[in-house]
Amino acid sequence: MAEKKKAHLIEYANGKSLDEINGTVTVPKNIGFWKTLFMYSGPGALVAVGYMDPGNWATSITGGQNFQYMLMSIILISSLIAMLLQYMAAKLGIVTQMDLAQAIRARTSKKLGIVLWISTELAIMATDIAEVIGGAIALYLLFGIPIVIAVLITVLDVLVLLLLTSIGFRKIEALVCTLILVIFVVFAYEVALSKPDWLGVFKGLVPSIETVKETPVVHGMSPLTGSLGIIGATVMPHNLYLHSAISQTRKVNHDDEDDVARGVKFSALDSNIQLTMAFFVNALLLIMGVAVFKSGVVKDTSFFGLYDALKDPAIMTNGLLAGVAKTGILSTLFAVALLASGQNSTITGTLTGQVVMEGFIHMRMPLWARRLVTRLLSIVPVLICVLMTSGESELAQHVAINDLMENSQVFLAIALPFSMLPLLMFTNSKVEMHGKRFANSLWVKVAGWVSVFLLVFLDIYNMPSAVQGFFGDNPTAQQINTANIIAWTTNVLIFALLAWVLYDIHKSDREFAKKVADEENK
(Lines give C-alpha, C1' and ligand atoms only; values in the text may rest on other atoms or scores of the structure.)
Protein backbone atom coordinates (compact mmCIF):
# COMPACT_ATOMS: atom_id res chain seq x y z
CA MET A 1 0.00 0.00 0.00
CA ALA A 2 1.43 3.36 -1.08
CA GLU A 3 2.20 5.82 1.67
CA LYS A 4 -0.09 8.85 1.65
CA LYS A 5 1.76 12.01 0.68
CA LYS A 6 2.03 14.44 3.56
CA ALA A 7 0.58 17.88 2.88
CA HIS A 8 2.76 20.92 3.57
CA LEU A 9 1.76 24.54 4.09
CA ILE A 10 4.34 25.66 1.53
CA GLU A 11 5.00 23.39 -1.46
CA TYR A 12 7.10 23.46 -4.61
CA ALA A 13 5.11 24.50 -7.68
CA ASN A 14 6.29 24.51 -11.27
CA GLY A 15 3.25 23.37 -13.20
CA LYS A 16 0.31 25.06 -14.87
CA SER A 17 -0.76 28.50 -13.73
CA LEU A 18 -3.36 28.24 -10.94
CA ASP A 19 -3.38 24.49 -11.48
CA GLU A 20 -6.54 23.94 -9.39
CA ILE A 21 -8.71 25.92 -11.84
CA ASN A 22 -6.65 25.74 -15.05
CA GLY A 23 -8.76 24.40 -17.93
CA THR A 24 -11.72 23.61 -15.66
CA VAL A 25 -14.36 25.39 -17.80
CA THR A 26 -15.21 23.51 -20.99
CA VAL A 27 -16.62 25.57 -23.86
CA PRO A 28 -18.37 23.39 -26.47
CA LYS A 29 -17.86 24.18 -30.15
CA ASN A 30 -20.62 25.27 -32.53
CA ILE A 31 -22.89 26.71 -29.81
CA GLY A 32 -23.28 30.13 -31.42
CA PHE A 33 -21.69 33.50 -30.74
CA TRP A 34 -23.71 34.62 -27.72
CA LYS A 35 -23.53 31.28 -25.88
CA THR A 36 -19.77 31.13 -26.50
CA LEU A 37 -19.36 34.69 -25.22
CA PHE A 38 -21.36 33.80 -22.12
CA MET A 39 -19.12 30.79 -21.45
CA TYR A 40 -16.01 32.95 -21.78
CA SER A 41 -17.44 35.75 -19.64
CA GLY A 42 -16.09 36.03 -16.10
CA PRO A 43 -12.30 36.46 -16.06
CA GLY A 44 -12.77 39.99 -17.43
CA ALA A 45 -14.92 40.85 -14.42
CA LEU A 46 -12.19 39.79 -11.99
CA VAL A 47 -9.77 42.02 -13.88
CA ALA A 48 -12.21 44.96 -14.07
CA VAL A 49 -12.42 44.98 -10.26
CA GLY A 50 -8.93 46.49 -10.14
CA TYR A 51 -10.06 49.41 -12.27
CA MET A 52 -12.83 50.46 -9.87
CA ASP A 53 -10.83 49.98 -6.68
CA PRO A 54 -11.73 52.31 -3.77
CA GLY A 55 -8.23 53.75 -4.00
CA ASN A 56 -9.14 55.95 -6.97
CA TRP A 57 -12.66 57.00 -5.97
CA ALA A 58 -11.54 60.21 -4.28
CA THR A 59 -9.33 61.14 -7.27
CA SER A 60 -12.23 60.96 -9.73
CA ILE A 61 -14.69 62.78 -7.47
CA THR A 62 -12.17 65.52 -6.60
CA GLY A 63 -11.27 65.89 -10.28
CA GLY A 64 -14.94 66.52 -11.03
CA GLN A 65 -15.28 68.97 -8.14
CA ASN A 66 -12.28 71.00 -9.28
CA PHE A 67 -12.43 70.89 -13.08
CA GLN A 68 -15.99 69.92 -13.97
CA TYR A 69 -16.03 67.43 -16.90
CA MET A 70 -12.55 68.30 -18.27
CA LEU A 71 -10.90 65.06 -17.10
CA MET A 72 -13.51 62.73 -18.67
CA SER A 73 -11.18 62.29 -21.67
CA ILE A 74 -8.39 61.09 -19.35
CA ILE A 75 -10.68 58.38 -17.94
CA LEU A 76 -11.54 57.34 -21.52
CA ILE A 77 -7.91 57.23 -22.70
CA SER A 78 -6.85 55.31 -19.57
CA SER A 79 -9.61 52.75 -20.16
CA LEU A 80 -8.55 52.24 -23.80
CA ILE A 81 -4.92 51.68 -22.71
CA ALA A 82 -6.15 49.20 -20.10
CA MET A 83 -8.12 47.28 -22.74
CA LEU A 84 -5.01 47.03 -24.93
CA LEU A 85 -2.75 45.76 -22.14
CA GLN A 86 -5.31 43.31 -20.76
CA TYR A 87 -5.87 41.91 -24.27
CA MET A 88 -2.14 41.21 -24.50
CA ALA A 89 -2.09 39.62 -21.03
CA ALA A 90 -4.97 37.27 -21.84
CA LYS A 91 -3.43 36.37 -25.20
CA LEU A 92 -0.07 35.58 -23.57
CA GLY A 93 -1.74 33.15 -21.15
CA ILE A 94 -3.87 31.37 -23.73
CA VAL A 95 -1.23 31.03 -26.46
CA THR A 96 1.89 30.21 -24.39
CA GLN A 97 0.06 28.40 -21.53
CA MET A 98 2.16 30.49 -19.12
CA ASP A 99 1.08 33.42 -16.98
CA LEU A 100 3.16 36.61 -17.08
CA ALA A 101 5.13 35.72 -13.93
CA GLN A 102 6.04 32.29 -15.35
CA ALA A 103 7.02 33.81 -18.70
CA ILE A 104 9.28 36.42 -17.07
CA ARG A 105 10.85 33.81 -14.78
CA ALA A 106 11.47 31.45 -17.74
CA ARG A 107 13.38 34.20 -19.56
CA THR A 108 15.30 35.69 -16.60
CA SER A 109 17.67 34.54 -13.86
CA LYS A 110 16.69 33.18 -10.46
CA LYS A 111 18.07 36.24 -8.63
CA LEU A 112 16.09 38.62 -10.81
CA GLY A 113 12.99 36.48 -10.32
CA ILE A 114 13.24 36.94 -6.55
CA VAL A 115 13.71 40.73 -6.88
CA LEU A 116 10.68 41.02 -9.17
CA TRP A 117 8.62 38.80 -6.86
CA ILE A 118 9.35 41.10 -3.90
CA SER A 119 8.44 44.26 -5.86
CA THR A 120 5.20 42.68 -7.09
CA GLU A 121 4.30 41.45 -3.60
CA LEU A 122 4.75 45.02 -2.30
CA ALA A 123 2.37 46.24 -5.02
CA ILE A 124 -0.20 43.60 -4.05
CA MET A 125 0.17 44.60 -0.41
CA ALA A 126 -0.34 48.26 -1.37
CA THR A 127 -3.68 47.42 -2.97
CA ASP A 128 -4.57 45.30 0.05
CA ILE A 129 -4.00 48.31 2.33
CA ALA A 130 -6.60 50.21 0.28
CA GLU A 131 -8.98 47.24 0.65
CA VAL A 132 -8.42 47.10 4.42
CA ILE A 133 -9.11 50.82 4.74
CA GLY A 134 -12.13 50.70 2.43
CA GLY A 135 -13.63 47.64 4.14
CA ALA A 136 -13.00 48.94 7.67
CA ILE A 137 -14.50 52.35 6.89
CA ALA A 138 -17.54 50.70 5.27
CA LEU A 139 -18.11 48.61 8.42
CA TYR A 140 -17.71 51.74 10.56
CA LEU A 141 -20.13 53.77 8.44
CA LEU A 142 -22.77 51.05 8.11
CA PHE A 143 -22.69 49.51 11.59
CA GLY A 144 -20.83 51.99 13.79
CA ILE A 145 -18.02 49.50 14.51
CA PRO A 146 -14.90 51.32 15.85
CA ILE A 147 -12.17 51.59 13.20
CA VAL A 148 -9.58 49.52 15.11
CA ILE A 149 -12.04 46.64 15.55
CA ALA A 150 -13.27 47.02 11.96
CA VAL A 151 -9.67 46.73 10.70
CA LEU A 152 -9.25 43.49 12.67
CA ILE A 153 -12.59 42.17 11.33
CA THR A 154 -11.30 42.54 7.77
CA VAL A 155 -8.92 39.64 8.55
CA LEU A 156 -11.98 37.40 8.70
CA ASP A 157 -12.55 37.79 4.96
CA VAL A 158 -10.30 34.73 4.75
CA LEU A 159 -13.44 32.80 5.81
CA VAL A 160 -15.29 34.29 2.83
CA LEU A 161 -12.45 33.11 0.61
CA LEU A 162 -12.62 29.59 2.06
CA LEU A 163 -16.32 29.47 1.25
CA LEU A 164 -15.77 30.75 -2.28
CA THR A 165 -13.01 28.24 -3.09
CA SER A 166 -15.43 25.43 -2.32
CA ILE A 167 -18.20 26.56 -4.73
CA GLY A 168 -16.26 26.52 -8.01
CA PHE A 169 -14.59 29.20 -10.13
CA ARG A 170 -17.61 29.84 -12.37
CA LYS A 171 -19.71 30.78 -9.32
CA ILE A 172 -16.92 33.08 -8.07
CA GLU A 173 -17.05 34.88 -11.42
CA ALA A 174 -20.83 35.24 -11.12
CA LEU A 175 -20.49 36.68 -7.60
CA VAL A 176 -17.91 39.22 -8.74
CA CYS A 177 -20.14 40.27 -11.66
CA THR A 178 -23.03 40.75 -9.21
CA LEU A 179 -20.93 42.93 -6.90
CA ILE A 180 -19.74 45.04 -9.86
CA LEU A 181 -23.38 45.49 -10.87
CA VAL A 182 -24.20 46.65 -7.32
CA ILE A 183 -21.43 49.29 -7.50
CA PHE A 184 -22.61 50.46 -10.94
CA VAL A 185 -26.29 50.68 -9.94
CA VAL A 186 -25.46 52.67 -6.78
CA PHE A 187 -23.52 55.36 -8.61
CA ALA A 188 -25.86 55.38 -11.63
CA TYR A 189 -28.79 56.01 -9.26
CA GLU A 190 -27.03 58.87 -7.49
CA VAL A 191 -25.95 60.47 -10.78
CA ALA A 192 -29.46 60.07 -12.29
CA LEU A 193 -30.92 62.02 -9.38
CA SER A 194 -28.37 64.82 -9.94
CA LYS A 195 -29.54 65.53 -13.53
CA PRO A 196 -26.03 66.25 -14.92
CA ASP A 197 -25.21 68.36 -17.98
CA TRP A 198 -24.93 65.51 -20.47
CA LEU A 199 -23.70 67.85 -23.24
CA GLY A 200 -20.86 68.86 -20.92
CA VAL A 201 -20.15 65.18 -20.20
CA PHE A 202 -19.81 64.32 -23.90
CA LYS A 203 -17.69 67.42 -24.57
CA GLY A 204 -15.40 66.29 -21.76
CA LEU A 205 -14.74 63.03 -23.63
CA VAL A 206 -12.90 64.95 -26.36
CA PRO A 207 -9.14 65.11 -25.51
CA SER A 208 -7.86 68.61 -24.79
CA ILE A 209 -4.47 70.17 -24.06
CA GLU A 210 -6.10 71.74 -21.00
CA THR A 211 -5.99 68.37 -19.21
CA VAL A 212 -2.18 68.41 -18.94
CA LYS A 213 -1.66 72.05 -17.94
CA GLU A 214 -0.24 72.96 -14.55
CA THR A 215 -2.73 75.80 -14.16
CA PRO A 216 -5.21 76.59 -12.77
CA VAL A 217 -4.52 75.11 -9.34
CA VAL A 218 -7.78 74.43 -7.50
CA HIS A 219 -7.61 73.25 -3.87
CA GLY A 220 -4.02 72.11 -4.41
CA MET A 221 -4.79 70.19 -7.62
CA SER A 222 -3.89 71.18 -11.18
CA PRO A 223 -5.39 69.52 -14.28
CA LEU A 224 -2.03 67.73 -14.75
CA THR A 225 -1.94 66.28 -11.22
CA GLY A 226 -5.60 65.29 -11.57
CA SER A 227 -4.82 63.51 -14.85
CA LEU A 228 -1.78 61.79 -13.32
CA GLY A 229 -3.90 60.60 -10.41
CA ILE A 230 -6.52 59.09 -12.70
CA ILE A 231 -3.99 57.44 -15.03
CA GLY A 232 -1.91 56.16 -12.12
CA ALA A 233 -4.95 54.46 -10.64
CA THR A 234 -5.96 52.85 -13.93
CA VAL A 235 -3.34 50.31 -15.00
CA MET A 236 -2.24 48.18 -12.06
CA PRO A 237 0.56 45.61 -12.45
CA HIS A 238 -1.21 42.82 -10.58
CA ASN A 239 -4.07 42.89 -13.10
CA LEU A 240 -1.72 41.89 -15.91
CA TYR A 241 -0.44 38.90 -13.92
CA LEU A 242 -3.96 37.92 -12.91
CA HIS A 243 -5.46 38.07 -16.40
CA SER A 244 -2.66 36.04 -17.97
CA ALA A 245 -3.49 33.28 -15.43
CA ILE A 246 -7.29 33.24 -15.27
CA SER A 247 -7.62 33.45 -19.06
CA GLN A 248 -6.40 29.83 -18.93
CA THR A 249 -9.44 28.64 -16.94
CA ARG A 250 -11.20 27.90 -20.24
CA LYS A 251 -10.19 24.56 -21.75
CA VAL A 252 -8.47 25.10 -25.11
CA ASN A 253 -7.16 22.51 -27.56
CA HIS A 254 -3.64 23.82 -28.23
CA ASP A 255 -3.18 21.38 -31.10
CA ASP A 256 -5.95 23.26 -32.94
CA GLU A 257 -4.82 26.78 -33.86
CA ASP A 258 -8.40 27.85 -34.62
CA ASP A 259 -9.50 26.84 -31.11
CA VAL A 260 -6.66 28.92 -29.63
CA ALA A 261 -7.75 31.86 -31.81
CA ARG A 262 -11.33 31.43 -30.59
CA GLY A 263 -10.09 31.57 -26.99
CA VAL A 264 -8.12 34.77 -27.64
CA LYS A 265 -11.05 36.41 -29.45
CA PHE A 266 -13.69 35.74 -26.81
CA SER A 267 -11.36 36.46 -23.88
CA ALA A 268 -10.66 39.86 -25.45
CA LEU A 269 -14.40 40.51 -25.90
CA ASP A 270 -15.09 39.53 -22.29
CA SER A 271 -12.30 41.79 -21.04
CA ASN A 272 -13.38 44.77 -23.16
CA ILE A 273 -17.01 44.49 -22.07
CA GLN A 274 -16.09 44.38 -18.38
CA LEU A 275 -13.55 47.21 -18.71
CA THR A 276 -16.23 49.28 -20.44
CA MET A 277 -18.33 48.76 -17.30
CA ALA A 278 -15.33 49.91 -15.22
CA PHE A 279 -15.06 53.01 -17.44
CA PHE A 280 -18.71 53.85 -16.76
CA VAL A 281 -18.20 53.44 -12.99
CA ASN A 282 -15.18 55.76 -13.01
CA ALA A 283 -17.00 58.24 -15.25
CA LEU A 284 -20.00 58.19 -12.88
CA LEU A 285 -17.66 58.96 -9.97
CA LEU A 286 -16.33 62.04 -11.76
CA ILE A 287 -19.85 63.11 -12.74
CA MET A 288 -20.82 62.74 -9.07
CA GLY A 289 -18.13 65.26 -8.19
CA VAL A 290 -19.59 67.73 -10.68
CA ALA A 291 -23.34 67.18 -10.49
CA VAL A 292 -24.18 65.75 -7.06
CA PHE A 293 -22.32 68.31 -4.93
CA LYS A 294 -22.20 72.09 -5.35
CA SER A 295 -18.86 73.17 -6.79
CA GLY A 296 -15.97 73.17 -4.32
CA VAL A 297 -18.02 72.32 -1.21
CA VAL A 298 -16.48 68.91 -0.45
CA LYS A 299 -13.34 69.71 1.53
CA ASP A 300 -12.82 66.23 3.00
CA THR A 301 -12.55 63.79 0.08
CA SER A 302 -11.77 60.81 2.29
CA PHE A 303 -14.42 58.08 2.45
CA PHE A 304 -15.64 59.59 5.72
CA GLY A 305 -16.00 63.01 4.11
CA LEU A 306 -17.83 61.70 1.04
CA TYR A 307 -20.20 59.70 3.26
CA ASP A 308 -21.00 62.78 5.35
CA ALA A 309 -21.36 64.93 2.22
CA LEU A 310 -23.96 62.55 0.79
CA LYS A 311 -26.06 63.06 3.94
CA ASP A 312 -25.94 66.87 3.79
CA PRO A 313 -28.91 68.38 1.87
CA ALA A 314 -27.32 71.84 1.97
CA ILE A 315 -24.55 70.94 -0.49
CA MET A 316 -26.69 69.06 -3.00
CA THR A 317 -27.21 70.61 -6.43
CA ASN A 318 -31.00 70.22 -6.57
CA GLY A 319 -34.07 69.73 -4.39
CA LEU A 320 -34.61 66.10 -5.40
CA LEU A 321 -31.09 65.14 -4.30
CA ALA A 322 -31.48 67.14 -1.10
CA GLY A 323 -34.71 65.30 -0.28
CA VAL A 324 -33.12 61.88 -0.82
CA ALA A 325 -29.98 62.92 1.07
CA LYS A 326 -32.09 63.68 4.16
CA THR A 327 -33.18 60.04 4.32
CA GLY A 328 -29.56 58.80 4.43
CA ILE A 329 -30.10 56.56 1.40
CA LEU A 330 -27.32 58.15 -0.69
CA SER A 331 -24.67 57.78 2.02
CA THR A 332 -25.75 54.23 2.90
CA LEU A 333 -25.60 53.14 -0.74
CA PHE A 334 -22.12 54.67 -0.99
CA ALA A 335 -20.94 52.60 2.01
CA VAL A 336 -22.53 49.44 0.52
CA ALA A 337 -20.64 50.04 -2.76
CA LEU A 338 -17.44 50.51 -0.76
CA LEU A 339 -17.94 47.20 1.03
CA ALA A 340 -18.77 45.41 -2.24
CA SER A 341 -15.61 46.76 -3.86
CA GLY A 342 -13.48 45.58 -0.94
CA GLN A 343 -14.90 42.05 -1.07
CA ASN A 344 -14.31 41.88 -4.80
CA SER A 345 -10.68 42.80 -4.31
CA THR A 346 -10.30 40.08 -1.66
CA ILE A 347 -10.84 37.44 -4.35
CA THR A 348 -8.66 38.96 -7.06
CA GLY A 349 -5.82 40.00 -4.73
CA THR A 350 -5.46 36.49 -3.34
CA LEU A 351 -5.44 34.83 -6.76
CA THR A 352 -2.83 37.31 -8.01
CA GLY A 353 -0.62 36.66 -4.98
CA GLN A 354 -0.69 32.95 -5.74
CA VAL A 355 0.12 33.59 -9.41
CA VAL A 356 3.24 35.67 -8.70
CA MET A 357 4.48 33.36 -5.91
CA GLU A 358 4.18 30.26 -8.09
CA GLY A 359 5.49 31.99 -11.21
CA PHE A 360 8.50 33.84 -9.80
CA ILE A 361 9.76 31.57 -6.99
CA HIS A 362 7.93 28.28 -7.67
CA MET A 363 6.28 28.11 -4.25
CA ARG A 364 2.63 27.47 -3.45
CA MET A 365 0.50 28.07 -0.35
CA PRO A 366 -3.18 27.25 0.23
CA LEU A 367 -5.29 30.26 -0.80
CA TRP A 368 -6.60 30.80 2.73
CA ALA A 369 -3.04 30.84 4.16
CA ARG A 370 -1.89 33.14 1.39
CA ARG A 371 -4.75 35.54 2.14
CA LEU A 372 -4.19 35.43 5.88
CA VAL A 373 -0.47 36.27 5.62
CA THR A 374 -1.04 39.15 3.19
CA ARG A 375 -3.91 40.60 5.19
CA LEU A 376 -2.06 40.36 8.54
CA LEU A 377 0.89 42.22 7.03
CA SER A 378 -1.40 44.83 5.44
CA ILE A 379 -3.32 45.70 8.61
CA VAL A 380 -0.12 46.58 10.52
CA PRO A 381 0.43 50.02 8.90
CA VAL A 382 -3.32 50.75 9.08
CA LEU A 383 -3.46 49.92 12.80
CA ILE A 384 -0.34 52.01 13.46
CA CYS A 385 -1.89 54.93 11.59
CA VAL A 386 -5.19 54.65 13.52
CA LEU A 387 -3.51 54.32 16.92
CA MET A 388 -1.03 57.17 16.30
CA THR A 389 -3.84 59.60 15.44
CA SER A 390 -6.29 58.39 18.09
CA GLY A 391 -5.68 61.50 20.24
CA GLU A 392 -6.17 63.95 17.37
CA SER A 393 -9.33 65.47 15.88
CA GLU A 394 -11.70 63.35 13.84
CA LEU A 395 -10.77 65.22 10.66
CA ALA A 396 -7.04 64.66 11.33
CA GLN A 397 -7.68 60.92 11.72
CA HIS A 398 -9.63 60.82 8.45
CA VAL A 399 -6.89 62.70 6.60
CA ALA A 400 -4.16 60.40 8.01
CA ILE A 401 -5.99 57.23 6.91
CA ASN A 402 -6.69 58.73 3.49
CA ASP A 403 -3.02 59.77 3.10
CA LEU A 404 -1.87 56.26 4.04
CA MET A 405 -4.06 54.77 1.33
CA GLU A 406 -2.81 57.24 -1.29
CA ASN A 407 0.86 56.95 -0.27
CA SER A 408 0.79 53.15 -0.40
CA GLN A 409 0.05 53.39 -4.13
CA VAL A 410 3.67 54.45 -4.79
CA PHE A 411 4.57 50.74 -4.77
CA LEU A 412 2.23 50.23 -7.74
CA ALA A 413 4.23 52.81 -9.69
CA ILE A 414 7.47 50.98 -8.86
CA ALA A 415 6.16 47.56 -9.97
CA LEU A 416 4.31 48.73 -13.09
CA PRO A 417 7.20 48.92 -15.63
CA PHE A 418 8.34 45.38 -14.75
CA SER A 419 5.00 43.96 -15.85
CA MET A 420 4.18 46.14 -18.87
CA LEU A 421 7.46 46.03 -20.78
CA PRO A 422 7.99 42.24 -20.59
CA LEU A 423 4.34 41.72 -21.57
CA LEU A 424 4.79 43.85 -24.66
CA MET A 425 8.09 42.16 -25.59
CA PHE A 426 6.63 38.65 -25.22
CA THR A 427 3.48 39.36 -27.25
CA ASN A 428 5.47 41.17 -29.97
CA SER A 429 7.67 38.08 -30.45
CA LYS A 430 6.66 35.60 -33.16
CA VAL A 431 8.81 32.97 -31.45
CA GLU A 432 7.19 33.38 -28.02
CA MET A 433 3.67 33.60 -29.50
CA HIS A 434 4.14 30.50 -31.68
CA GLY A 435 3.99 32.25 -35.04
CA LYS A 436 2.80 35.38 -36.81
CA ARG A 437 -0.91 34.71 -36.22
CA PHE A 438 -0.79 35.40 -32.48
CA ALA A 439 2.06 37.92 -32.33
CA ASN A 440 0.97 41.54 -32.04
CA SER A 441 0.02 43.27 -35.29
CA LEU A 442 1.81 46.48 -36.29
CA TRP A 443 -0.87 48.80 -34.89
CA VAL A 444 -0.95 46.90 -31.58
CA LYS A 445 2.85 47.13 -31.35
CA VAL A 446 2.80 50.90 -31.98
CA ALA A 447 -0.10 51.52 -29.61
CA GLY A 448 1.54 49.24 -27.04
CA TRP A 449 4.90 51.04 -27.10
CA VAL A 450 3.23 54.48 -26.96
CA SER A 451 1.07 53.36 -24.01
CA VAL A 452 3.96 51.75 -22.13
CA PHE A 453 6.30 54.73 -22.57
CA LEU A 454 3.51 57.14 -21.60
CA LEU A 455 2.65 55.26 -18.40
CA VAL A 456 6.29 54.69 -17.40
CA PHE A 457 7.09 58.38 -18.03
CA LEU A 458 4.12 59.53 -15.95
CA ASP A 459 5.05 57.16 -13.12
CA ILE A 460 8.64 58.43 -13.11
CA TYR A 461 7.55 62.07 -13.43
CA ASN A 462 5.07 61.72 -10.57
CA MET A 463 7.49 59.89 -8.24
CA PRO A 464 8.77 63.04 -6.42
CA SER A 465 5.26 64.23 -5.52
CA ALA A 466 4.28 60.67 -4.56
CA VAL A 467 7.22 60.45 -2.13
CA GLN A 468 6.49 63.96 -0.82
CA GLY A 469 3.08 62.66 0.21
CA PHE A 470 4.77 60.66 2.97
CA PHE A 471 5.76 63.96 4.64
CA GLY A 472 2.19 65.24 4.95
CA ASP A 473 0.22 67.98 3.22
CA ASN A 474 2.63 70.83 4.07
CA PRO A 475 6.22 69.49 3.88
CA THR A 476 9.13 71.76 4.73
CA ALA A 477 11.78 72.72 2.19
CA GLN A 478 14.17 70.18 3.72
CA GLN A 479 11.53 67.44 3.54
CA ILE A 480 10.83 68.30 -0.11
CA ASN A 481 14.55 68.08 -0.86
CA THR A 482 14.76 64.71 0.94
CA ALA A 483 11.71 63.45 -0.96
CA ASN A 484 13.26 64.47 -4.29
CA ILE A 485 16.52 62.64 -3.46
CA ILE A 486 14.58 59.48 -2.48
CA ALA A 487 12.37 59.74 -5.58
CA TRP A 488 15.19 60.13 -8.09
CA THR A 489 17.29 57.46 -6.38
CA THR A 490 14.27 55.17 -6.72
CA ASN A 491 13.89 56.15 -10.39
CA VAL A 492 17.55 55.33 -11.08
CA LEU A 493 17.14 51.93 -9.40
CA ILE A 494 13.97 51.31 -11.45
CA PHE A 495 15.85 52.08 -14.70
CA ALA A 496 18.79 49.88 -13.65
CA LEU A 497 16.50 46.97 -12.77
CA LEU A 498 14.53 47.53 -15.95
CA ALA A 499 17.73 47.34 -17.99
CA TRP A 500 18.53 44.03 -16.25
CA VAL A 501 15.06 42.67 -17.06
CA LEU A 502 15.20 43.76 -20.71
CA TYR A 503 18.74 42.39 -21.17
CA ASP A 504 17.79 39.00 -19.72
CA ILE A 505 14.59 38.74 -21.77
CA HIS A 506 16.25 39.86 -25.02
CA LYS A 507 19.18 37.45 -24.54
CA SER A 508 16.89 34.55 -23.62
CA ASP A 509 14.54 35.32 -26.53
CA ARG A 510 17.43 35.09 -29.01
CA GLU A 511 18.59 31.80 -27.49
CA PHE A 512 15.04 30.44 -27.61
CA ALA A 513 14.65 31.52 -31.25
CA LYS A 514 17.93 29.79 -32.15
CA LYS A 515 16.81 26.62 -30.36
CA VAL A 516 13.48 26.60 -32.24
CA ALA A 517 15.27 27.18 -35.57
CA ASP A 518 17.73 24.34 -34.87
CA GLU A 519 14.87 21.96 -34.06
CA GLU A 520 13.05 22.91 -37.27
CA ASN A 521 16.21 22.28 -39.33
CA LYS A 522 16.72 18.77 -37.95
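The place of histidine 434 in this predicted model is the loop between α20 (417-428) and α21, where helices (H or I, at least four residues) and strands (E, at least two) are DSSP runs numbered from the N terminus. Residues are numbered from 1 along each chain as its sequence is written, and side-chain values use heavy atoms, with hydrogens and water left out. Because the model is predicted, local features need pLDDT of at least 70 and side-chain atom pairs count only at pLDDT 80 or more, while totals for chains, interfaces and linings use all residues.

**Backbone and accessibility**

Histidine 434 has a positive phi near 60° and is not a glycine. Asparagine 30 also has a positive phi, of about 55°, although it is not a glycine. Most residues other than glycine have a negative phi. Asparagine 30 is found in the loop between β1 (11-12) and α1 (33-40).

| Residue | Relative accessibility and class |
|---|---|
| Asparagine 30 | 82%, exposed |
| Phenylalanine 411 | 32%, partly exposed |
| Leucine 383 | 18%, buried |

Leucine 383 lies in helix α17 (residues 367-388). Leucine 383 and threonine 120 are 263 residues apart in sequence and 23 Å apart in space, C-alpha to C-alpha.

**An enclosed helix**

Helix α12 (residues 237-246) is largely enclosed by the rest of the structure, because 10 of its 10 residues are buried. Among them are Pro237, His238, Tyr241 and Ile246.

**A nonpolar surface patch**

Ile114, Ile118, Leu122 and Phe411 make a nonpolar surface patch of about 310 Å². Patches are made of residues with over 30% relative accessible area and no salt bridge, with like charges joined within 9 Å and nonpolar side chains (Val, Leu, Ile, Met, Phe, Trp, Tyr) within 5 Å. A salt bridge is a side-chain nitrogen of Lys or Arg within 4 Å of a carboxyl oxygen of Asp or Glu. Helix α6 (residues 110-143) gives the most to this patch, with three residues. Phenylalanine 411 lies in helix α19 (residues 410-415).

**A helix pair**

The axes of helix α21 (residues 442-468) and helix α22 (residues 477-521) come within 8 Å and cross at roughly 140°. Axes are lines fitted to C-alpha atoms, for helices over the stretch in contact, and angles run from 0 to 180 degrees between N-to-C directions. The two helices, α21 and α22, are therefore oblique to each other; angles under 35 degrees count as roughly parallel, over 145 as roughly antiparallel, 65 to 115 as roughly perpendicular and the rest as oblique.

How values were computed: Accessible areas come from the Shrake-Rupley method with a 1.4 Å probe; for residues, only the protein chains shown count as cover. Buried means under 20% relative accessible area, exposed over 50%, partly exposed in between (1.4 Å probe, protein chains only).
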